[in-house]
Amino acid sequence: MVVILTVGDDLIELKQVTKTYGKKQNLFTALDNVSFTIPDGASVAILGKSGSGKSTLMHAMSGLDRPEAGEVIIDGENILQLKSKQIDKFRAHKIGFIFQSFFVQANETVSDNVSLPLEIADVSRGSRKRKIKAALESVDLLEKIGNKAKNLSGGQKQRLAVARAIVNEPQIIFADEPTGNLDSVTGAKVEDMLFGYNKKNGVTLIVVTHDPDLAAKCDMQINIKDGKIESIRDTKSAPKKKPTRTHIKVEV
Amino acid sequence: MRITDTIRRAGRSLKNAKARTLLTSLAIAVGAFTLTLSLAAGEGSRQYAEKIITSNIDPQALIVAKDKSLFSADAGAGGLKEYSEGATQYAGLTLKSLSQAELEKIKATKGIERVQPTYLVKAQYVEFEGSDKKFTSDITMYDSSVRAESAAGRLPPLGEQIKDDEIVVPQGFLKTIGIKNPADLIGKKVTFTLVKPAPTPSEAEINEIIAREGVAGLAKLTQGETSKETFIVRTVSKDSVTSLSASSALFISEQRAKELSEFLTKGTNDYQRYIAVTAIAKDSADPEKVKEALVKQGLTARTAKDLQGLLFTIVNLLQGIVIGFGVLALIASVFGIINTQYISVLERTQQIGLMKALGMRGKDVAKLFRYEAAWIGFLGGVIGSGIAWGLGTSLNPWITKQLSLGDGNYLLIFQPLPIALLILALVLVAVIAGYFPARKAAKLDPIEALRTE
């Protein structure tokens, strides 16, 4: 039995991460020697034009993609060294996703949509109902619990996606252009919900966007261009949470 | 992911594509329908054959003959046959016959309780009361070890003989006689005219008779002896499939058949020679063992089991053909499932991508698609078997009537266990068919899948 104590306030740490696509002449470097750290509980915007590598960066941090070089340390663990089964487990338990085009299952009910991450994470059936209700409550969709997702408006669909992202109480939420498909009023409502949840629950929120207004609402902005970090701005330099975190890992 | 959740999700995806699911299932249902019917027909036929054999034939009885061709399929073929000593004519056939000495040998065989020769009576002609025509027919003894079905009148229970003045007429004869209702023949008289061939006198005998009684005496000697025998119709036996006994002869009691046969053959080569005898094995003896012993003596024998085997061979062959068609239908439906599932994977690329992004294992995604295929197989199996069951059960009385199988006998017998196994097999076939589409789904890259918009 090994007991590992990890002490620190950084949740995400990238060290010289490089990701390339293609071979030889067609070689394309999507991420070029990227390094930064994100404190626990922060809200971070990854800014950049399309093709700049911001989506690849998000994929690398969430374990969807595997950069060839470097380290992606999440919560003290280099996820690039995990086996695919462990990465799937990592995503199921620690990550929530929100996409630009919602990706809610139109033919399924609101409840079944939110239930999916719980089923994947093997959450017992008894506690599912309570978690689903709590998640829908916090996005103000509880009265739609039995409706089919296809009958929801665009804003409601994205709120449903938010509920699906937070239902299993993840450590990190990745939101890829969360308001890209919404008008400004409904977009603002979704933004408020995301930031509200981030502040209230101390969940790290990483928003991928090309919208400077949305980026300005975040604690930290990471500008990316041609696969390289252009600048990192820490608008609210003080960490939002208690400065130190103690992880006690028990490996058997 | 839990299996129950996967199954529920699989069922839900199918429900969302009702028409497609149903149509794909129907392809399997065609196969299931055919297979269920063939299983039911096979079971029905086997039960029916067994019923006939056990209720009509003494399981300890063996038919013993010297000539193999009595049992062979081309027994009815005439044509040129080599002459052999000690042969007897039967139904236009010349068959090697058993002598009295051989009969004694059979009797002495271990395990045999008694032996009953088959007596043949060759009447010159036969007359039926109510018809002024004359007929010819084979006349043989009533076989008490085989029970025929009656169209009119009653037959004695298995093992009992009919009375000496009684006769059993097969239903097939009625048309020739000119009688429609079998009951009309019961109690009527049947008269045989038997002509005993005159012995060929030697020259000394001819001289002696001419010396004693003159030419008239010689004429009387060579004229032969004529006898008329009258019987009362007890039963008209049915020409149904159930009737395994030769239904093309008139049956009289064993005693009378013996008397008449010996009366006709006395002084000829055929005297006390038999083409076949029925041997009854002791209750303690295995008829198959007795058969072996008889075959060692150069005889051929057929047991009740052989007869059953013969019937089963035919049933199994027919069933095999129908099953073949069912399997062909299934193979066609397998391609249907593969096609449908591939389309389903394409349509749901985003959904698969999302599930994988949320941490669902590739093997769980594959499982989801395999369960969908399983649902399709299950649905098809239930629909096909259900329709076959319903249709078969409602048509059974009609089929029984058309094939005159007799009351209470059904051609199609549906048993829950084989049908359940069939549905299980179909589920398996569907899962195997869904293997490649499921693998494709499992291997989808979530990043690529979620880029599709």
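Okay, some housekeeping. What we have is a predicted model, where local features need pLDDT of at least 70, side-chain atom pairs count only at pLDDT 80 or more, and totals for chains, interfaces and linings use all residues. Residues are numbered from 1 along each chain as its sequence is written, and chains are lettered from A and ligands numbered from 1 in the order in which they are written.

Let me stay on α6(B) for a bit.

Which residues of α6(B) are buried? That would be B:Glu254, B:Arg256, B:Ala257, B:Leu260, B:Ser261, B:Leu264 and B:Thr265. They cover an arc of only 160° around the axis, so they sit on the same side of α6(B). The arc here is that of the directions from the helix axis to the C-beta atoms. And buried means that 20 or more other C-beta atoms lie within 10 Å of the residue's own, exposed means 12 or fewer, and partly exposed is in between, with C-beta atoms placed from the backbone.

Contact, by the way, is C-beta atoms, placed from the backbone, within 7 Å.

Some of those strands pair with each other, where pairing needs at least two bridges found by DSSP. β5(B) and β8(B) run antiparallel and are joined by three bridges, with B:Leu120 opposite B:Thr140 in β8(B). β8(B) also pairs with β13(B), this time in the parallel sense, over four bridges, and there B:Asp138 stands opposite B:Ala249.

β4(B) takes us to another piece of chain B. There's an open sheet of four strands, in the order β4-β14-β1-β15, with antiparallel pairing. β4(B) and β15(B) (300-303) stand at the edges with a single partner strand each, so one side of each has no neighbour in the sheet. From one strand to the next the twist averages 25°. Angles in this talk run from 0 to 180 degrees between N-to-C directions, using axes that are lines fitted to C-alpha atoms, for helices over the stretch in contact. Five bridges join β4(B) to β14(B), residues 276-281, and B:Pro117 is opposite B:Val277 in that strand. Lying across β1(B) (61-65) and β15(B) is helix α8(B), residues 304-347, at about 70° to β15(B).

Buried or exposed? With 23 C-beta neighbours inside 10 Å, B:Lys66 counts as buried. Setting aside neighbours within four places in sequence, B:Lys66 is in contact with B:Lys96, B:Ser97, B:Leu98 and B:Leu299. The C-alpha atoms of B:Lys66 and B:Val295 are 9.6 Å apart, though 229 residues separate them along the chain.

Zooming out, chain B has 13 helices and 15 strands, and 41% of its 453 residues count as buried. Among its contacts between residues at least 6 apart in sequence, 84% join residues at least 24 apart. Chain A has seven helices and twelve strands, with 44% of its 252 residues buried.

Last stop, the interface. 21 residues of chain A are in contact with 18 residues of chain B. On the chain A side, α2 (84-94) and α3 (110-120) each supply at least two residues, and the largest share, five residues, comes from α2(A). The chain A side divides into nine nonpolar, four polar and eight charged residues. Nonpolar covers Ala, Val, Leu, Ile, Met, Phe, Trp, Tyr, Cys and Pro; charged is Asp, Glu, Lys and Arg; polar is the others, Gly among them.

Definitions and conventions: Two residues are in contact if their C-beta atoms, placed from the backbone, lie within 7 Å.
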